[in-house]
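Please walk me through this protein model, step by step and in plain terms.

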Amino acid sequence: MKLSSWRIVRGLWSYARMRLWLRWAQQPIGKRLAISIFITSTLLLPPYLIISVHSMRTALADQQRLTLLQQLKAAQILLEHEGWQLLRTCEDYAVWNEFQQALLQRDSAWVQENILDWILPHFYLDTVLIFDMQGRAVYQAGRQISALQSPRNPLLKIALQGSSQMGLMRIDGALYQVACAPVLGNNYAPPQAGVLMLARQLDRALLTRLWGRLNNTVKLMPPGTIPRSADGSTPFALTQPDGKLTLGTPLHGVGNQVVAVLTVSTPTVQARAMQQAIQRAALYLLLAGLLLTGVSTAAVIVMLRRHLDLFLRAANRLASGMWETRVPYPARDEFGILARAFNHMAEQLQAAFERLDQQRREIEAQKSELERLYNELQQTNQELATANRELVAMNAMLSHAVVTDSLTGLRNHRAFHESLLSLVQMAERSGQPLSLIMLDIDHFKQFNDRFGHPAGDELLRQVATVLRQSARAYDVVARYGGEEFAILLPNTDLQEAVAVAERLRQQVAAIQNPHATVTASFGVATHRRGQAPATLLYEADAALYRAKRSGRNCICTAEDDKLQAAG
């Protein structure tokens, strides 16, 4: 009984489908074509919409990731540069001969006045520590941080062995930049007098000043935020909620341990704007698809109604030699009978021209495809050229910032040492003389204390302008540190260098400063064949300090005791 019922149902369903198909086949071709176009377009619209939105999201995510990677690299370079600046400050004070003598003689008053009270506020430090040769903290200023005084501090161990080092340390949940350098004095050789340690906390104020306009998106996170899938050395994605992308890279501290995670996030406003843009685009695509479907369907109907006379026109075109003419009309009506008769006649002529027409269509299709590929290639080349120009400009800006002193615009301490090594090697190969002038602004610290740091910075810029304008194109003018400047003079012997120093001394004395008269002391030395670069620097520095002890506003050389200024 159940089997018979099932057969009856199947039979009725087959009969209904056959009747529906017959009724559909008997409908005019215009009506069937319009319904087919509307149904097909409606079915294809959702996949097209999904693919388009996905492609848009993917493109925006790739662009967003590239932008964040560039910002992450820039923030990391700025943070490393700040650490090297701290190490250079520590090394500059550690090679001060008077500082070494004060430590050896336990001159607490001198250390307090010239080191602790001076460094802490002027370099925005949190802690200044001075250790003896046994690793005991003998002087301290600023915040009390017991972990820095521990004998297990790796930086302290390295400094006690005679090497300077810098690194990041996480102490009590706070992140510090710590620099250590052995106190050597001007001779740069043992015996040591102790170790100088400087520490600066990477707090919100410092990071705001360091990263500037990047600060809204750059953060330092604890090391626990690194996902398990990250390898601990390359940038990785942290989170991606609601279209907001966050990229991070680990920061390694002392002992090569991860002490923090540097992250760059998409601004909330930008992420929200991207989401809204994608939603609007999806809505516009949906409306455009529906509108296109309706318009195309209506257009087909109107065109079929307006072109019922195509049958007669097709016969005229076939009579005139247009053998490819066809009338597709399968409905069993008058137009269907006419279409079948017309097509039967046209099929006899189609075979002769079919191959030629097929070849023509293939050639046209290949031409269109080649034009499309050529246009895409042109657009891709333009995008690559734009990205390359932006990358070259950013690299040039970063390279200039690494070797330039931000206050005076001259070369910085690091760039000076690189130029010194290069010019000494060039002098050794060519046999040409090379001289070095070291100059120090007289009584600069008293000037700063009396008139303030803005006036002191302006004085440094005035002196730097004089040196830059007086230097030759191939001379190297650098700010060596503080109020001290250095000038490398290729192809210049000692006598010529002394003449240059005298001219500079007079030009410095002629500076129109609204606060006080400006003078400078000069030390001059010339490279001798086979001499190390450090020896030339030491001799010029020693001559400079001899000029300062001899009354200032004068010139001393490494060979003579003193050369009095003319006038």
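Which residue in β2 is the bridge partner of leucine 129? The partner is glutamine 140. Before going further, note that this is a predicted model, in which local features need pLDDT of at least 70 and side-chain atom pairs count only at pLDDT 80 or more, while totals for chains, interfaces and linings use all residues. Residues are numbered from 1 along each chain as its sequence is written, and side-chain values use heavy atoms, with hydrogens and water left out.

The term pLDDT is the predictor's confidence in each residue, from 0 to 100. Its mean for the protein chain is 79, and 79% of the residues reach 70 or more. Over residues 561-567 it stays under 50. For that stretch the model has 15 contacts beyond four places in sequence, a contact being heavy atoms within 4.5 Å.

Now back to the strands. Helices (H or I, at least four residues) and strands (E, at least two) are DSSP runs, numbered from the N terminus. Strand β1 covers residues 127-131 and strand β2 residues 137-142, and they pair in the antiparallel sense over 5 bridges; two strands pair if DSSP finds at least two bridges between them. Together β1 and β2 form a hairpin with 5 residues between them. In the turn, glycine 135 has a positive phi of about 85°.

Next come the charged side chains. A salt bridge is a side-chain nitrogen of Lys or Arg within 4 Å of a carboxyl oxygen of Asp or Glu. By this rule the count comes to 13. One joins aspartate 132 and arginine 136, at 3.1 Å from N to O. Aspartate 132 is buried, with a relative accessible area of 5% (buried means under 20%, exposed over 50%, partly exposed in between, with a 1.4 Å probe and protein chains only).

Another salt bridge joins lysine 548 and aspartate 440, whose closest N and O atoms are 3.6 Å apart. Lysine 548 lies in helix α15 (residues 533-549) and aspartate 440 in strand β10 (residues 434-441), so this pair ties together parts that are 108 residues apart in sequence. Both lysine 548 and aspartate 440 are buried.

Arginine 552 and aspartate 442 also meet in a salt bridge, at 4.0 Å from N to O. Arginine 552 is partly exposed because its relative accessible area is 31%, whereas aspartate 442 counts as buried at 7%.
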